[in-house]
Amino acid sequence: LRCNSSALFPRKKCQFINNRCFFRARHISTTTTAFTSFSLPTRTHAIRSTSSLSSSSSSTKSSSTPLYNPADLFDGKIPYPKALSPSAANEFKACPQSYLFQYLYGIREKPNAALAKGSLCHKALEHVFDLHPSQRTLENLQNLFRKEWKVERVSTYAHLFEIEEEEGEGEEEKKWDAQAEREWGKSSLHLLKNYMEIEDPRNIPKPNPLEREMWVSSKLTVNPKDGVTGYASHDNYLKDKEEDDALSDLSPTFLVRGIVDRIDMIRMPNDDDDDDTTENNIVLRIVDYKTGKAPNFKYSPSMNEKIAHDNFWQLKIYALLVREMVASGKGPKNLLIDGLHLRMLRLLYLTSDDDVGVYLDMDLGKTVEERDGVLQEVHADLSGIWRDICELVRKQDARAFVHCDRPFCSCHRVRPDFVRGTVWERESP
């Protein structure tokens, strides 16, 4: 992966894996539009409603309520997962206990300010393409954010800026922190300004975006070699017989699903070394918006490779699901065109260490075989995670799900609400 990142890292270029990667960043003004009233032009067609993959969030129990006890949840049985998503898979890899709390027990904290900002920015970036190209201005984009905030301000995110003050005799009165809300709003609008600096939606040519907020899903085979990309596997998938017998009653497939922010049709630049350029220079690209900071490729080649893998892993899962859907003849007609292949992935970060927008592209490969080789590795990763989850659930012991050491992880806030000794906890030295 070649990183043309002089704008961010002027000292040298990064080279860390076999695909190609390009950074582009632009410095922008820090002036932001006031977080105030607004008006919007008439849309060319109605805004589509979208649903969330996960269930509605709920706060953890307070210390004054009874503690959780695994024996009282789901009749004392840890349920098997019905599906896997990129976020769930990532959570299990990072912290099995947090996965248990959130995805198996359904104990979730209310969304914080960062998650709220990301969700509303995503909605604004989706709906801006409902406007005529000439109306996709920064002002209208920011007004779309304001409109979404007006709808969800009290219904979904009221807890973000509420201040509880004691009135006396144990009574509490909730007040609103208007200043904190204003600063949060300005920082959100600033992210959208960063977006306009690296990609002006007025200049995105038709028929793009082909798809927005598109659900992708597929039943992947537990044995990755049995999948569409299985022929491209370079590893021997040998299952341990004892492990195989233990999980023999499980389905040979598992459902993986998620939501893709955007899919575009793009023209690849001519490459004299690419024999397929003339025939296949029109390809599909997945675009994913990120409101968190862009990664910094300033480390050793091996560390940079890990950073790239971690950041693109979610998009590779989406690419695998699209590949499986197209192979089975499912999905939107836009993606079922003969000779049209998904090749490019783009992470579009709305901020970075230098407070600029950055995009990062990955080329999955020039040929179908190259691309399927990359996606087969992702299939194997997901299969391994699914089997690991099922093995832990089979033990029917919440203490089998160990917690992580990340200080920000929700497992540390939820774990105290369980009866001591019923979930795994590292002993203090």
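**Entry 1: helix 1**

I looked up helix 1 and found Pro86, Ala88, Ala89, Glu91 and Phe92 buried. Buried means under 20% relative accessible area, exposed over 50%, and partly exposed in between, with a 1.4 Å probe and protein chains only. Helices (H or I, at least four residues) and strands (E, at least two) are DSSP runs, numbered from the N terminus.

I noted the source too: this is a predicted model, where local features need pLDDT of at least 70, side-chain atom pairs count only at pLDDT 80 or more, and totals for chains, interfaces and linings use all residues. Residues are numbered from 1 along each chain as its sequence is written, and side-chain values use heavy atoms, with hydrogens and water left out.

What covers the buried residues of helix 1? I found that the cover includes helix 2 (96–104), strand 7 (253–267), helix 8 (301–327) and helix 9 (368–395).

**Entry 2: helix 3 and helix 4**

Two packed helices are described by the angle and the distance between their axes. I checked helix 3 (residues 113–127) against helix 4 (residues 138–152): their axes come within 8 Å and cross at roughly 130°. That makes helix 3 oblique to helix 4. Angles under 35 degrees count as roughly parallel, over 145 as roughly antiparallel, 65 to 115 as roughly perpendicular, and the rest as oblique. Axes are lines fitted to C-alpha atoms, for helices over the stretch in contact, and angles run from 0 to 180 degrees between N-to-C directions.

Next I listed the residues in contact (heavy atoms within 4.5 Å). From helix 3 come Lys117, Leu120, Cys121, Lys123, Ala124, Leu125 and His127. They meet Leu141, Leu144, Phe145, Glu148, Trp149 and Glu152 in helix 4.

Most residues other than glycine have a negative phi, and most peptide bonds are trans. I looked for exceptions.

Where is Asp75? I found Asp75 in the loop between strand 3 (21–26) and helix 1 (86–94). Its phi is near 55°, a positive value in a residue other than glycine. Is Asp75 buried or exposed? Asp75 is exposed, with a relative accessible area of 76%.

Glu213 sits in strand 6. Its phi, near 45°, is also positive. Glu213 is buried, at a relative accessible area of 18%.

I then turned to the loop between helix 5 (178–198) and strand 6 (211–221), where Pro207 lies. A cis peptide bond joins Lys206 and Pro207, with omega about 10°. Pro209 is found in the loop between helix 5 and strand 6. Asn208 and Pro209 are joined by a cis peptide bond, with omega about -10°.
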